[in-house]
Amino acid sequence: MSGARGRGHDLKLAAGWPALNHDRDSKRCFPTRERAPDPRTGAREGPARDEPRKAFCKCLPSTVLWRRNRTWQTTTANKESPMTRPVSFSTIAAVMLVSSAAAPVTPSGLYRVWVSGHGTDGASCGSPTSPCRTLQYAHDNIVLASGEIDILDPAGYGAVTITKALSIVNDGVGTAGVQQANASSAAITINAGASDAIYLRGLNIDGLGTGQDGIVFNSGGSLTVTNCVVRHFAQTGILVQTHNGTSLLSISNTIASDNAVNGIDITPSKNGSVKGTITGVDASRNAASYGIWVSGDSTSGTATFVMVSDSNLSSNGTGIAAAGAGVRFGITRVIVTNNSVDGVGTFNGTSGVPTAYTWGDNRVSGNTRLDINGNLTAVSGK
Amino acid sequence: MTKLVSFSTIAAVMLVSSAAAPVTPSGLYRVWVSGHGTDGATCGSPTSPCRTLQYAHDNIVLAKGEIDILDPAGYGAVTISKALSIVNDGVGTAGVQQATASLAAITINAGASDAIYLRGLNIDGLGTGASGVLFNSGGSLAVANCVVRHFFSSFGVLIQPSSGTTLFSISDTIISDNSSGGIYIHPIGTASAKGTITGVEASRNAYGIAVDANASTGTATFVLVSDANASNNVSVGIYVGSAEVAITRSTATGNGDGVHVNSGTVYTYGDNRIVGNDTNVSGVLTSVTGN
């Protein structure tokens, strides 16, 4: 099959490396870097903090298959390019040490930073035995890009603005709270780079009825929200308004409810598109508008596709609706009931009518105006 | 339950003959690791835990034993060479990071009948580590309730035995944001791999789930995929080559190809949700009915 199409999907192992190549990363490099124990904690993860982390790398000297205009093409990548990890501060610190023995050693960062209700923000915080206190301090001063902030114990950890690839992980230690009471601010704001992956797990995000939005995704490569609760905001629980190319979204096993306007609002702008999955989500009792709203009316991007499965979209204004010809969404095994306007809507926005797929396995009933306002496209399972 | 092995008896005898001799445990069937622990010859009990997985593996835990996570911490990369369980049963994040580009976070080079079990681990490649779980040899591998993210050049979970039939189970696990691939079942040599992939999110990789036995002379590779979400992978959601794969109650959206059947046979029960891909199905699906 693939041979006929010349798409080269064969996955082969060559010299210990799978020659699995693809378009997105064909130009990325493999950094070479020393790994050494953390001098303060002895942990074996990550590079030494006081070690210059300037690295050089080689791109894979292999045939790279990539895709342009939906056709796989072949090129040979064998370039060298310098790659400087976020680093240079450690070098500066080292120089300072030479000139002044009394100068404090400032850590250049960790790939894993712990926060705790018993922690204290400070230049040397971050280990399990000396955790930081707040997400924002850990983000700004300690954690390296692509790293991870981990929750050590139950506490409130404060609102945070994320500007780099980052994971914030609470793996079941108790409530990891992020509150925002300010009517013009979000609890978690994401202004990251175009290829940055943002990952949020196990957070209890609350707007106390006055905070504007729960999670606002302005820019970044991808956002994952899993095992979170995003409640009680004056506007929207999770607002995705990326504006540069295609951003990826995954929301799973999460509650986005009791927000005054929308539970989840996906409205890319400029040339943005959003491709995402929403699985196992309760987006209910978002009073004014939508459990889930997807709009293509503010963007020239046409790749937006949102797949919603195994979710409960009830007692909102409308359960789920979309507008714009560049938007598609699918619903499967979804409950949509008791919404005060419609259950499911496909609206004729300024850029046309979206496409909605159904497999005939949703439960859309008991909505006040219409269960289905618009058209659903029936598709069969495979 | 902590089982000290018979060496303690010997040590006791030694103590009688020489009070100054240090008591060296010869191994435990249960070893605790903690962010507050310290690696050393006597570590391993809940009150005196070890600090790293590798030290506990190399020096303390006996084959067929278990390393248990006592509290949230990063526990470092580990190479496993014997039957072993590593278990975090909900105490918080048990992290295993790998930032070195040519290395895996967890490497398994075990004996042909050894059972390896990983539960509740948060395995992260920081965008540079090669692969999350690299299975080279062993009898079986179970990965449950884990997160395997953000690896760069290889795969989130790469199962590539070279002989015999490896049994595996991957369940309730997130395998995402790996810039090469999520899960790659790839027996080589004479090996086959038989297993289940259940409740897995394999999204935002190059490939979500790939099963390819084309480099093996083994003929028994069969994988059942159920309740999986393989979406927004750059190339393919679920890829099959030279193997039998059954797919049920699974979703593949936003991929290049939703399901790509290069060779082999893919069985479906008509209950998968495969839409919104550049190509939803490339190749032939074989419909089968439930029993």
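Questions and answers on sheet, helix, chain contact and domains follow.

The model is predicted: local features need pLDDT of at least 70, side-chain atom pairs count only at pLDDT 80 or more, and totals for chains, interfaces and linings use all residues. Residues are numbered from 1 along each chain as its sequence is written, while chains are lettered from A and ligands numbered from 1 in the order in which they are written.

Q: What makes β11 and β32 of chain A edge strands of the open sheet?
A: The sheet has 9 strands with parallel pairing, in the order β11-β14-β17-β20-β22-β24-β26-β29-β32 (chain A). Strands are DSSP runs of E with at least two residues, helices are runs of H or I with at least four, and both are numbered from the N terminus. β11 (160-162) and β32 (370-373) of chain A each have a single partner strand, so one side of each is left without a neighbour in the sheet.

Q: Which residues of helix α3 of chain A are called buried, and what covers them?
A: A residue is buried if 20 or more other C-beta atoms lie within 10 Å of its own, exposed if 12 or fewer, and partly exposed in between, with C-beta atoms placed from the backbone. In α3 (residues 135-142), Leu135(A), Tyr137(A), Ala138(A), His139(A) and Ile142(A) are buried. Their cover includes β8 (110-115), β9, β11 and β12 (166-169) of chain A.

Q: How many residues of chain A and chain B take part in the contact between them?
A: Residues are in contact if their C-beta atoms, placed from the backbone, lie within 7 Å. The contact takes 63 residues from chain A and 71 residues from chain B. Strand β9 (residues 143-151) of chain A gives the largest share of chain A's side, 4 residues.

Q: What are the domains of chain B, and where do they touch?
A: Chain B is divided into domain 1 (1-63) and domain 2 (72-287), bounds that come from an automatic or database domain assignment. Their C-alpha centres lie 34 Å apart, and 9 residues of domain 1 of chain B are in contact with 11 residues of domain 2 of chain B. On the domain 1 side, the elements giving two or more residues are α2 (53-60) and β2 (61-69) of chain B; the largest share, 3 residues, comes from α2(B).

Terms used
Two residues are in contact if their C-beta atoms, placed from the backbone, lie within 7 Å. Two strands pair if DSSP finds at least two bridges between them.
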